[in-house]
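Let's take a walk through a protein model, one stop at a time. Have the 3D view open and follow along.

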Amino acid sequence: MLYKNNRNEKRDNIVNPSVLMTDTIFPDTLVEQDVFQKESIDFRLSPSGELASLGELGKDADALLVVYADVSAELIEQLDRCKIIVKAGIGYNNIDVEAASRKGIIVANVPDYCQDEVADHTFGMFLALVRKICHLDSQVKQGVWNANQAKSVPQLRGKKFGLLGCGAIGQQVALRARAFGLEVVGYDPYSSPDLLAQHHISQIEDFDEFLHEVDFLSLHLPLTEDTRHILNKSTLSKMKETSVVINTSRGGLIQENDLFTALIEGRLAGAAMDVLEKEPPEGAPELSSLDNVVITPHTAFLSQDSVAALRKKASQEIVRTIRNGKASNPVN
């Protein structure tokens, strides 16, 4: 798909800047087209997210707009004119940031959208898991009416809700947790105790102590080399047998085989996952076979309002960088 503002396409032999959108999950590109048309910037959606197609179309592009496509070092080397790569989302682990930096290309994301949506989804999954809502619903649909299956549901008030990562979304989750009478504690070496105290989050500075203390653990971290598999056999073993894990951040934060083993051996009470290491999985994920697991298909960020905001903000970041040479949310 190629969009051009023909009226302003060329003036005095000046060619408009161009943007290549590598891939999309959205039903159209009308939002993106509207932003770029107003700025006389040409826009093209690649017919394929494969390297060959992106390399050929991207070599003359001034910017890439990326959803899930793999922007590898090999692809980046072929971008002769590119000034900025913008991820239409928060996590940017599908972009080789180091390779982009070496080539002098800015990488940016959209960190300030869908905060309410992710926080709502996080707490919704948490309640569905600990209150056994999904399991009980399934039983009723199978003709089983047995209230005794809910006897093991814990009371929430007074329990410790742990935030692994206390950024903007974690702070929103804390607000919701406190409304249910939960004591919110956090582990985040990049946040000061004063900042966390403003959001009524008690900081625990020792990671092992943090894992041991919490009754419920919610992950709100970016996926980096330092955080990959931060929950694994060793760290999961430090948690209470009655604790549960909620992950609406990135699947790679958890070693899924270790999580599965901990669950079937009774060393963990449950897990709620909106993200997996491999998306989409090949068939039903192994974790979904367990009654004490709730999984949704990476939808925490979605709402009618959040998607429109994401698309517009990502496009505007490209315009800002092309016109002014600076991005508002660079990650390199």
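## A loop with a positive phi

Start with Ser40, which sits in the loop between helix 1 and strand 5 (42–45). Helices here are DSSP runs of H or I with at least four residues, strands are runs of E with at least two, and both are numbered from the N terminus. Most residues other than glycine have a negative phi, and most peptide bonds are trans. Ser40 isn't glycine, yet its phi is positive, near 55°.

A quick word on the ground rules: this is a predicted model, where local features need pLDDT of at least 70 and side-chain atom pairs count only at pLDDT 80 or more, while totals for chains, interfaces and linings use all residues. Residues are numbered from 1 along each chain as its sequence is written, and side-chain values use heavy atoms, leaving out hydrogens and water.

## A cis bond

Now look at Glu279 and Pro280: a cis peptide bond joins them, with omega about -10°. You'll find Pro280 in the loop between strand 14 (270–273) and strand 15.

## Helix 1 meets helix 12

Two packed helices are described by the angle between their axes and the distance between the axes. Helix 1 (residues 30–38) and helix 12 (residues 304–324) pack at about 30°, their axes 9 Å apart; axes are lines fitted to C-alpha atoms over the stretch in contact, and angles run from 0 to 180 degrees between N-to-C directions. So helix 1 is roughly parallel to helix 12 (under 35 degrees; over 145 is roughly antiparallel, 65 to 115 roughly perpendicular, and the rest oblique).

Which residues of helix 1 make the contact? They are Leu30, Val31, Glu32, Val35 and Phe36, where contact means heavy atoms within 4.5 Å. On the helix 12 side, the residues include Ala308, Arg311 and Ile318. The residues of this contact split into seven nonpolar, two polar and three charged (nonpolar: Ala, Val, Leu, Ile, Met, Phe, Trp, Tyr, Cys and Pro; charged: Asp, Glu, Lys and Arg; polar: the others, Gly among them).

## Helix 5 meets helix 7

Helix 5 and helix 7 (residues 168–179) pack at about 50°, with axes 9 Å apart. The two are therefore oblique to each other. Among the contact residues are Phe123 of helix 5 and Ile169 of helix 7. By class, this contact has seven nonpolar, three polar and three charged residues.
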